[in-house]
Amino acid sequence: MDQNDITRINELYKKQKEGTLTPEEALEQSKLRHAYIAAIRKNLRGSLESIQIQEKDGTITDVKKRHEERMAERKASGN
């Protein structure tokens with residue numbers, strides 16, 4: 001996703017708002033929006049996975065590792 005894609009999303013939104021969006025453009029708009037959302041999710045996940053938490057006892061815990069451990073515990077307990 002680059003700036004040209006974002007610009008195109010905005011152009012298509014303006015056309016939609018004006019009521020002049022063609023079916024082909026609506027399909028393009030949908031594809032671009034899905035790609036944009038996927039890029040944001042990927043970026044957010046990368047940011048969240050790099051976070052570290054300092055516990056009260058001074059140890060450092062990676063959020064990703066902590067999440068994986070909790071998910072494993074839930075799976076083991078059947079929830």
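1. Glutamate 25 is buried, at a relative accessible area of 13%; buried means under 20% relative accessible area, exposed over 50%, and partly exposed in between (1.4 Å probe, protein chains only). The model is predicted: local features need pLDDT of at least 70, side-chain atom pairs count only at pLDDT 80 or more, and totals for chains, interfaces and linings use all residues. Residues are numbered from 1 along each chain as its sequence is written, and side-chain values use heavy atoms, with hydrogens and water left out.

2. Glutamate 25 lies in helix 2 (residues 23–49); helices are DSSP runs of H or I with at least four residues, numbered from the N terminus. Leaving aside residues up to four places away in sequence, glutamate 25 touches Arg8, Leu12, Lys15 and Thr20, where contact means heavy atoms within 4.5 Å.

3. Three salt bridges are counted, each being a side-chain nitrogen of Lys or Arg within 4 Å of a carboxyl oxygen of Asp or Glu. One of them joins the side chains of glutamate 25 and lysine 15 (2.7 Å, N to O). This pair links distant parts of the chain, with glutamate 25 in helix 2 and lysine 15 in helix 1, ten residues apart. Lysine 15 is partly exposed, at 26%.

4. Arginine 8 and glutamate 28 also meet in a salt bridge (3.0 Å, N to O). Here too distant parts of the chain are linked, helix 1 holding arginine 8 and helix 2 holding glutamate 28, 20 residues apart.

Note on methods: Helices (H or I, at least four residues) and strands (E, at least two) are DSSP runs, numbered from the N terminus.
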